[in-house]
Amino acid sequence: MSDGVDELLQGHRRFRRKALTQEREFLRRLASEGQSPDALVIGCADSRVVPELLTHASPGDLFVVRNIANLVPPLAHLDASVGAAIEYAIGHLHVPHVIVCGHYGCGGVRAVMEQSPHLAEFPSLHEWLGLAKEAVHRVKHEDEAAWWRAAVEENVVEQLSHLTSFPLVAAAVEAGGLSLHGWVYDLHSLDLQVYNVETDTFLPASALAGGPLLQER
Ligand SMILES: [Zn+2]
């Protein structure tokens with residue numbers, strides 16, 4: 001898929017051919033009935049971390065926002081893009097779950113660890129990644145690999161706390177109509193680590209029996 005836009009358009013033709021024959025009814029219903037997704041996913045823009053693929057979700061299942069390092073600017077922040085998605089998904093679509101999904105090996109988190117001088121050449125990126133700085137440096141470790149993993153996890157937990165700066169999130173959680181989830185995807189093992197708020201640790205999804213993952217469809 002990396003050889004250019006022609007390949008993408010060819011891919012679209014293959015998608016359309018398959019969808020028109022095998023999934024026509026499902027997609028027709030989806031188009032006419034509107035969306036009612038199971039979850040809002042706030043994930044990293046990294047091209048390898050595709051929420052629909054790793055959850056085996058279908059069109060209509062997930063309302064997705066992806067940005068560098070899966071960040072949630074607090075309500076007071078000037079960037080309103082993520083906040084707008086949060087308000088629409090919770091206030092209008094009434095999704096019952098919000099999932100912040102990070103991944104080990106995240107380049108955005110790495111850039112924050114390194115405080116790379118190159119970031120000065122990218123003012124928007126520099127400003128954006130500032131939102132992860134506190135969490136990443138809170139778990140600083142001499143072992144770089146251990147720090148990177150811990151920083152990715154801490155960043156997800158930090159973004160969960162930013163979510164509750166939105167009054168409608170806090171109110172929906174309080175009323176029992178909304179659950180917040182923190183996930184970290186491992187590109188090597190393909191496993192998902194799920195945040196457990198009671199123990200403040202991440203546990204492999206494969207070890208959870210009917211835990212906070214989305215239910216099988
Ligand atoms: Zn990333």
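R138 forms a salt bridge with E154, and their closest N and O atoms are 2.6 Å apart. A salt bridge here is a side-chain nitrogen of Lys or Arg within 4 Å of a carboxyl oxygen of Asp or Glu. This pair links distant parts of the chain: R138 sits in helix α6, E154 in helix α7 (residues 144–163), 16 residues apart. Helices (H or I, at least four residues) are DSSP runs, numbered from the N terminus.

The model is predicted: local features need pLDDT of at least 70, side-chain atom pairs count only at pLDDT 80 or more, and totals for chains, interfaces and linings use all residues. Residues are numbered from 1 along each chain as its sequence is written, and side-chain values use heavy atoms, with hydrogens and water left out.

Stay with R138. It also forms a salt bridge with E134, with the closest N and O atoms 3.6 Å apart. Both residues, R138 and E134, lie in helix α6 (residues 123–138). They are 4 residues apart, about one turn of the helix. R138 is partly exposed, at 43% relative accessibility. E134 is exposed, at 57%. The cut-offs: buried means under 20% relative accessible area, exposed over 50%, and partly exposed in between (1.4 Å probe, protein chains only). Shared partners extend the picture, as salt bridges join E134, R138, E154 and E158 into one network.

Side chains of opposite charge can pair when their charged atoms come close. The whole structure holds 7 salt bridges. One of them joins the side chains of D46 and R48, at 2.8 Å from N to O. Here D46 is buried, with a relative accessible area of 16%. R48 is partly exposed, at 48% relative accessibility.

Now turn to the metal. Which residues coordinate the zinc ion? C44 (SG), H103 (NE2) and C106 (SG) do, at 2.1 to 2.3 Å. Donors are N, O and S atoms within 2.8 Å of the metal (3.2 Å for Na, K and Ca). Water is not among the atoms, so sites may look incomplete. Along the chain, the donors of the zinc ion follow the spacing C-x58-H-x2-C.

Are H103 and C106 buried or exposed? H103 is buried, at 0% relative accessibility. C106 is buried too, with a relative accessible area of 2%.

Technical notes:
Helix = DSSP H or I, 4+ residues; strand = E, 2+ residues; numbered from the N terminus.
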